[in-house]
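Reader: Please take me through one part of this model closely. I would like the aromatic contacts, and then what surrounds them in your account.

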Amino acid sequence: MSRVPLIIGAILLWPTLAWPIATTQHTEDWCSPAVSHVKGNVSMKCEGVNPKVVDRLIELLDQRDNELGQARQSLDAKIKEANDWISRYNDLEARLAGLSETSELAKQAKALLDRGELQQAGQLYDQVLEGQEKEMRTLAENHFSRGQIHGLEFHPDKALLHYEKATRYAPENLTYLFAYAAKLHKQNDFSKAERAYSDLLSAQRALVQTNPAAYEPHLGTTLDNLATLYADTQRFTEAEKAFQDALTLRRRLAQANPAAYEPDVAITLNNLATLYADTQRFTEAEEALQEVKTIRQRLAQKK
């Protein structure tokens, strides 16, 4: 279908359009609306677009106005909005026409668009996208597994490439994101690692609001790792705060389940002790290490 030339305030349609407006007659180069009834309805006859497409456009405009509770627009405003819609419709149809020789999906979608069947065209893409999203999840899983194999072979750079692709194809999978952040950290790529940890923290904090039992332990681990990164980059104030946040969370979890979470408390205390020693706070370091010793002795007695 050829592109339709557009003029501001006019639209190339040739079915009859009826919108109530004031009784002032209005004409344009492409369309010639004229008052036909005392109620102020206007008939407008234009050329260039499939009548079924125009009928669907009118339905959509009226439906949109009804849903939003808007008063009917003036003829000029309606024509201007319709002109924009037709322009976007023609752009989409032209693009699909160019793809239809190599894409069966584009061919089917264009046929539906030509008949004004927008909902059916959208449903066609929904079905295809659902299948592609499943393929993307599988692709992400395969990249992650390949990265793990590279890691087992002590090829961290190659592992990172696959971890990055896994997170790109399945950004909602926090297991992939954590592994990617931790590997970046281990490779001393601190800037990228910090961004990955920050993204991970944001996602985990949101999930904790709805399912704390499942995600608080992971949040504690991420806080501890991020604190270690801050310490590695000599940002001791930020490191101490993150360690303290992790410690507070892990102490609370350990109160409910000591066997499961006291080892995590000991890990964070040990990391804090290292931070205190690095900043010449030896008394605090000794106190933290003493608590680590007490926890480990208690855990050993329960085995």
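Author: Ring pairs join Phe-144, Tyr-163 and Tyr-176 into a cluster. This is a predicted model, in which local features need pLDDT of at least 70, side-chain atom pairs count only at pLDDT 80 or more, and totals for chains, interfaces and linings use all residues. Residues are numbered from 1 along each chain as its sequence is written, and side-chain values use heavy atoms, with hydrogens and water left out.

The structure holds two aromatic pairs. Rings of Phe, Tyr and Trp (its six-membered ring) pair if their centres lie within 6.5 Å; planes under 30 degrees apart count as stacked, over 60 as edge-to-face and the rest as tilted. The ring centres of Phe-144 and Tyr-163 are 5.1 Å apart and the planes stand at 35°, so this pair is tilted. It links distant parts of the chain: Phe-144 lies in helix H4 (residues 118-152) and Tyr-163 in helix H5 (residues 156-169), 19 residues apart. Helices here are DSSP runs (H or I, at least four residues), numbered from the N terminus.

Phe-144 is buried, at 9% relative accessible area. Tyr-163 is buried too, at 7%. Buried means under 20% relative accessible area, with a 1.4 Å probe and protein chains only.

Phe-144 also pairs with Tyr-176. That pair is tilted, with 4.7 Å centre to centre and 35° between the planes. Again distant parts of the chain are linked: Phe-144 in helix H4 and Tyr-176 in helix H6 (residues 174-186), 32 residues apart. Tyr-176 is buried, with a relative accessible area of 8%.

The charged end of Arg-168 sits over the ring of Tyr-169, 5.5 Å from its centre. The test is that NZ of Lys or CZ of Arg is within 6 Å of the ring centre and within 35 degrees of the ring normal.

Next, helix H3 (residues 104-114). Its buried residues include Ala-106, Ala-109, Leu-112 and Leu-113. Just after H3, Gly-116 takes a positive phi of about 75°.

Last, a helix pair. Helix H10 (residues 258-278) and helix H11 (residues 282-302) pack at about 155°, their axes 8 Å apart. Axes are lines fitted to C-alpha atoms over the stretch in contact, and angles run from 0 to 180 degrees between N-to-C directions. H10 and H11 are therefore roughly antiparallel, a label for angles over 145 degrees. Among the residues that meet are Leu-269 and Tyr-276 in H10, and Phe-282 and Ile-295 in H11. Contact means heavy atoms within 4.5 Å.

Notes:
Helices (H or I, at least four residues) and strands (E, at least two) are DSSP runs, numbered from the N terminus. Buried means under 20% relative accessible area, exposed over 50%, partly exposed in between (1.4 Å probe, protein chains only). Angles under 35 degrees count as roughly parallel, over 145 as roughly antiparallel, 65 to 115 as roughly perpendicular and the rest as oblique.
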